[in-house]
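Visitor: Hi! Could you walk me through this protein in plain words?
Guide: Happy to, let's bring it up on screen.

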Amino acid sequence: WFKKLNSLSELRRIAKDLDYDIVIKPSDSRGALGVLKISKKLNLEWAYKQAMSCSPTKRLIVEKFEKGLQNSTESII
């Protein structure tokens with residue numbers, strides 16, 4: 001599950017209604033810059049501003065946090 005995040009108030013609504021952790025991140029950054037796992041204990045206003053500060057075009061997405069190993073690769077062709 002993921003979607004475009006339009007505002008801090010939308011993030012608050014999403015976080016309130018879910019019973020699992022979520023991730024917010026810039027849709028136009030690279031690597032883990034601005035990627036934050038949101039749990040019930042995290043300050044949502046701080047997290048939103050932090051992620052937004054890493055987005056050159058000021059666009060964020062929110063998605064369900066999936067527990068498990070992460071494999072990533074980088075290639076040059």
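Guide: One term before we start: a residue counts as buried when its relative accessible area is under 20%, as exposed when that area is over 50%, and as partly exposed in between. Also keep in mind that this is a predicted model.

Visitor: Okay, then which is Arg12: buried, exposed or partly exposed?
Guide: Arg12 has a relative accessible area of 41%, so it is partly exposed. You'll find Arg12 in helix α1.

Visitor: What does Arg12 touch, apart from residues up to four places away in sequence?
Guide: Leu44 and Glu45. Arg12 and Glu45 are 33 residues apart in sequence, yet their C-alpha atoms are 8.7 Å apart in space.

Visitor: Let me zoom out. How many helices and strands are there?
Guide: The protein has two helices and four strands. Going along the sequence, the pattern reads β-α-β-β-α-β.

Visitor: And how compact is it?
Guide: The radius of gyration is 13 Å, close to the 11 Å that the globule rule gives for 77 residues, so the protein is as compact as a globular protein of that length. Along its principal axes, the C-alpha trace spans about 45 × 30 × 20 Å.

Visitor: How much of the protein is buried?
Guide: Of its 77 residues, 30% count as buried.

Visitor: Why would residues spaced out in a helix point the same way?
Guide: An α-helix has 3.6 residues a turn, so residues three or four places apart point the same way.

Visitor: Which residues are buried in α2?
Guide: In α2, which runs over residues 44-53, the buried residues are Leu44, Ala47, Tyr48, Ala51 and Met52. Their arc around the axis is only 125°, which puts them on the same side of α2.

Visitor: What covers them?
Guide: The cover for the buried residues of α2 includes α1 (8-17) and the strands β1 (2-5), β2 (22-26), β3 (36-38) and β4 (60-64).

Visitor: Switching to loops: where is Ser55?
Guide: Ser55 sits in the loop between α2 and β4. With a relative accessible area of 2%, Ser55 is buried. Apart from neighbours within four places in sequence, Ser55 is in contact with Pro26 and Asp28.

Visitor: What share of contacts comes from residues 24 or more positions apart?
Guide: Among contacts with a separation of 6 or more, such residues account for 57%.

Key:
Residues numbered from 1 in each chain as written. Predicted model: local features only at pLDDT ≥ 70, side-chain atom pairs only at ≥ 80, totals over all residues. Heavy atoms only, no water. Rg over C-alpha atoms; globule rule 2.2 N^0.38 Å. Buried < 20%, exposed > 50% of the residue type's maximum accessible area, 1.4 Å probe, protein only. Contact = heavy atoms within 4.5 Å. Arc of directions from axis to C-beta.
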